[in-house]
Amino acid sequence: MSDPRPARPGRVVAVVQARMGSSRFPGKMMAPLAGRPLLAWVLERLKRAQRLHTLVLATTGLPRDAALVELAQSMGVATFTGSESDVLDRFSRAARQFEADTVVRVCADNPFIDGAVVDQLVDFYAASDCDYACNHLDRLGSGYADGFGAEILPAALLHRLAAECAEPRHREHVTLALWDETTPWARDCRKTCPRAPAALAFPELRFDVDEPAHLQRLQSLVDESGLTLDSPAQDCVQALRASQAGGRA
């Protein structure tokens, strides 16, 4: 695959996808964790990243998602509204509007995402000869716990995916075509992942929220351990491991 990037990473724009219409957990983005909406955790912790030029919430124009726009804007975060089902188009249009050279993709179901871990990904990408990298979960043997990092790719590659990918599942899941071995994108894309530092190398651990029970588990973890918006990823890992060890005692 020819390299579509300008001098990397250029203008780095983090795009956070969120909506209220989750089938498994409707309204989860505004569900409270320690008294603050789940989305507020994600945006506040991402604002602490130092390698991002812009942080954007990309949601839909549906009335039920107006609360997400209002919340983001109240926190000083830029917003973009687009298609609910064609998330790839939403991402591409948001990246164009905010003049991204490099796009950091964030799913808003990771309330403990760590700006420092995202910065590490941007630095890794800037120094690597790749089309795509990630550290949000254990891929390519990276060993990361699930829920602290992100995905990164050149905006030009994102725009090409948006222009050429036709399958609905590739439109819904923004980077899926890069992993689907039936596509030329997966065969040609140079994918790599940084190795997790020892403090985060627990791939069996998950901090994402897909269902109400996952949020209840994280709320219990916060209550037990005192984790806050300021807690770094390694503290979250230590707290969950200690909680699990206590449960086995």
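Strand S4 is joined by five bridges to strand S5 (residues 78-82), and the two run parallel. Strands pair here if DSSP finds at least two bridges between them; helices (H or I, at least four residues) and strands (E, at least two) are DSSP runs, numbered from the N terminus. Within this pair, Ala-58 has Phe-80 of S5 as its bridge partner. From S4 the chain passes through helix H2 (residues 66-74) to S5, a right-handed β-α-β crossover; right-handed means that, with the strands pointing away from the viewer, the path from the first strand over the helix to the second runs clockwise.

This is a predicted model, in which local features need pLDDT of at least 70 and side-chain atom pairs count only at pLDDT 80 or more, while totals for chains, interfaces and linings use all residues. Residues are numbered from 1 along each chain as its sequence is written, and side-chain values use heavy atoms, without hydrogens and water.

S4 also pairs with strand S1 (residues 12-17), in the parallel sense over five bridges, with Thr-54 of S4 as the bridge partner of Val-13. In a regular strand the side chains alternate between the two faces of the sheet. In S4 both faces are covered: Thr-54, Val-56, Ala-58 and Thr-60 on one side, and Leu-55, Leu-57 and Thr-59 on the other, are all buried (under 20% relative accessible area, 1.4 Å probe, protein chains only).

Notes: Buried < 20%, exposed > 50% of the residue type's maximum accessible area, 1.4 Å probe, protein only.
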